Amino acid sequence: MYRSNYSQTGRLALRARHRLTRLKYNPTPILTAVIVILLVYLVVGPLLSILVEGFVVHSRDAARIGLAKGSFTTHYLKRIFVSPVSKVFFWNPLVRTLITSLFIVVGAVGLGFILAWLLVRSDCPGKNFFSKVLVLSYVAPSWTFALAWTTIFKNRRVAGSLGLLESLGFVPPDWIAYGGFPIVVTLVLGYFPLAFLLFGGALQTVDAQLEESAMVVGAPKSIILRRIVLPMLLPALMSSGLLILSRSLGSFGTPYILGSPTDYQVLATSLHGALNRGEQGVAGILTVFIVLVGVAAVSIDIFFVKEARRFVTISGKGGKKTMVQLGKLKPVAFIFVLFIFLASVVLPLMALFLSTITHRVGVFTKDNFTLQYWLAKSISSLGGRGGVFRDPTILKAALNSLYVAITSALIAGVFGTFIGYVTTKYQSTKMGSFLKQISFIPWLVPTIGFGAAYLSLFAVRRGPIPSLYGSVSLIILAMAIKYLPFSARAGTSAMIQLGPEPEESAMISGATWMKSFRRIVVPVLKKTLAVGIVLPFVMGMKELTLVIFLVSPGFEVLTTQVLRYIDYGFTPMANAVTVVIILVISAVYLVFQKVTGTSLVEGLSSS
Amino acid sequence: MAEITIRNLTKNFGKFSAIDELDLTIADKEFVSLLGPSGCGKTTTLRILSGLEEPTIGEVLFDGKVMSSAETGEWVPPEKRGIGLVFQSYALWPHMTVWDNIDFGLEMQNVPKEKRKKLIEDILVLLQIEELSQRYSYQLSGGQQQRVALARSIVLQPQVLLLDEPLSNLDARLRIEMRAELTRLHSQLQNTTVFVTHDQLEAMTLSTRVAVMKDGKLQQYAPPMEIYRQPANLFVAKFVGSPPINVLSRTESPNIFKDIDAVLKGSIKGEYDFVAFRPEFCTIVSKQESAKEDIFYLDAEVTSIQPTGPEWIVQLSRDSLKFLVRLEREPIKMVIGDKVKLAVERKDILVFSKDELLITTRKTT
């Protein structure tokens, strides 16, 4: 210990001065502070806002409740849970949500598992082809299947053009055309690729040597499957189940299309109804409920994935896989896989497309074909509106979709990359895990809840921040934050792979922080940034649930336009617009894969 | 070229003390190794020298100028310290060629373009990597990457060169080659060099002085041979030297110590609880051989005989203790299981106190 040359205050002053010097050389702390403020306001803010809405008296209810506007109340809570209308608003939808979700999860996980096993572990013919195409359906908007179903199975409950079966003379009963059954079937077809990818990945990484070791000590094949392989698949099972559960909870488009005609309500559509009626308090409670359940489901999943880390094989080589010989069952397996492929990829798209070029779907006579839905200036059966390429509304909606998707993608990509950068700097600290968790929240929250929450926060002016009600900025902002987790995670893993040392080397060589960031960090992150932008773009183009609360009459996007057509009963037009969306997304996907060599599909369905 | 002064350096991460009151002075042009097991604080010390980390207590000076001071909060950023740093992972920039990697620092220091070309060409020749200048890091082998990392840091003619375990990712043969390379570079360029390693052989062969560290504390700071022959404590004795030194403790082997006391009688001042002797100072004699004066004998059984080429390494065991003996010529006829005697001269026995510190005052008779 040696004597100090400075007085107490002298030392403090010096320290303060030198502390500021550090910021000049490494402004990361400033960057972090800005990011934290933004994240807290844009991620936690909306959720808090809608939580408050559920417990605070709104002006239109003030008289009825007998309390002043803005005061605390449990009125809405009671209305949801115990009032005479709670059955309609909450309990029935809850039961229906739970039942459909249960069947969807079981169906999608089961189907995903069977397909994964057939295509990864057995000698089923056409493996390579099917593996690639079965996930294609995930590129389409989730309600594509609902539209296709309606096109095929609709009856006279919904006015407008005839359904396929109707044109052929069969009238489907209500329970087939609408309600729980089609919701379950369409969402199973929509979500099974998720389970398929997860199980496929797990099956591939289960080291063959694990099974071989069991064989060597004399275990029969059935025991190996039951006691070695299946337990190792448990994490994939739980993961896919919980993720699909969370997705189906927040899904809006499909239940809306298939449930409305018979008033089959689920929580998501009930929430939509509440907001449409202006019942913000009720909407608040519903959102909180949906969010809590969704977050709980994903949190359980994350917990299990952590547990399952111990199952990850430590050894280096994957080892050759021993294929199960199907023998006599080969043709059966092939037909099964082919059937699923047709049902989940070919049939829906064909049905959609056909309906846009025929008067009556399913009738293949020459005079039945028409291009009016695409090219006509004015279609009488649609009240004088034009075809897809002639209707100015659609063109405007398309431009709006592109504008919104591109802008939000850029914001999400850049913001996410910065978050990834900063998170890695604080990797093993509290700040690091805080950043990780908060930037992950938008993904945890069911989309319908997220949209409602954003509406709630930005509907009115708060302090210096103006109201964004009805503006494009609100949609862009909500989308950017919703997709932030993807870019943030991509950015984080890229930065972790790079490590801190390239930057430190640059600084030692004399580069300032800015130069080092521009010349070393950014070039290396280019590819990650690209994915972090294109992925949100694709998701933004097909997003319906998030924007449904945020669009206004003057500003529609392609997806909400589809919904308007459904409301009017113009199914062919709805289908045509959907086809356009799918084509645009597919084009982007293909170009991106060609240019960078990476597949977006894994990213789209990644957990 | 600079003299490095480390004064009262302490670095804490929360409750954990990575470096504890380190005092060290490295003279100009010296090659000093920081040697110790993982977690002993050597890399942290290096990072504080570089400016990438800051001390909790204490200060670091180059040529008398303060680089980091915990008391005043003063901190000179890495880019202004005139240092070169080679990471264990090399940290080559993956999107740049070898040439660009080396050029980057020169550009940051605003060296004029024509001069840069010459400097880079010279350094490529010096490190024998001229043909690699247009390659990317993933196209290089480990040894080549390491040369590029070295080139990148030396080209700026730093006053201080910091190397963080630069040889640990290389295979044995390459490591020997690079050791010679580092020595050559140091004699030619004469930078003050601080070299972090856990490999005692590297530290011994490369350094002018070695600083042995354990748990954040300096154990001994001396030229290599002094560390080897006069280890300051039992830890240093055990850590340096391969095969490792043979150790006996009074509490574990009270009976054997009776014989030791007899041999060492009168020559040691004060109490001692540990003795140690190097394998190369041991010989093996048959059980029957008569005892000579001033030689300590230990009865033991042969458990393995390993010819390594230039010598034999024989392992003997007694009770649960194992001893290694290094013999230059063919040992006496023996097979595994034979009962023999290990013999060590009194003058070759290192003696340590209860606190494991070397007892140096001895009468040599």
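Reply: In this predicted model, helix α14(A) is followed by G278(A), whose phi is positive, near 80°. Helices here are DSSP runs of H or I with at least four residues, strands are runs of E with at least two, and both are numbered from the N terminus. Residues count from 1 along each chain as its sequence is written, while chains are lettered from A and ligands numbered from 1 in the order in which they are written. Local features need pLDDT of at least 70, side-chain atom pairs count only at pLDDT 80 or more, and totals for chains, interfaces and linings use all residues; side-chain values use heavy atoms, without hydrogens and water.

α14(A) spans residues 267-276 and is mostly covered, with nine of its ten residues buried. Buried means under 20% relative accessible area, exposed over 50%, and partly exposed in between, with a 1.4 Å probe and protein chains only. The buried set includes L267(A), H272(A) and L275(A).

Elsewhere in chain A, α7 (144-153) meets α16 (330-357). Their axes come within 9 Å and cross at roughly 60°. Axes are lines fitted to C-alpha atoms, for helices over the stretch in contact, and angles run from 0 to 180 degrees between N-to-C directions. α7(A) is therefore oblique to α16(A). Under 35 degrees counts as roughly parallel, over 145 as roughly antiparallel, 65 to 115 as roughly perpendicular, and the rest as oblique. In contact (heavy atoms within 4.5 Å), F145(A) and L147(A) are among the α7(A) residues, and L347(A) and P348(A) among those of α16(A). The contact residues divide into nine nonpolar, four polar and no charged. Nonpolar covers Ala, Val, Leu, Ile, Met, Phe, Trp, Tyr, Cys and Pro; charged covers Asp, Glu, Lys and Arg; the others, Gly among them, are polar.

Now chain B. Strand β3(B) (31-35) has five of its five residues buried. F31(B), S33(B) and L35(B) cover one side, V32(B) and L34(B) the other. Five bridges join β3(B) in parallel to β8(B) (192-197); strands pair if DSSP finds at least two bridges between them. There, L35(B) has T197(B) as its bridge partner. β3(B) also pairs in the parallel sense with β9(B) (209-214), over four bridges. L34(B) stands opposite A211(B).

A five-stranded open sheet in chain B runs β13-β17-β14-β15-β16, with antiparallel pairing. Its edge strands are β13 and β16. β14(B) and β15(B) pair over six bridges, with E301(B) opposite S317(B). Helix α9(B) lies across β14, β15 and β16, at about 120° to β14(B).
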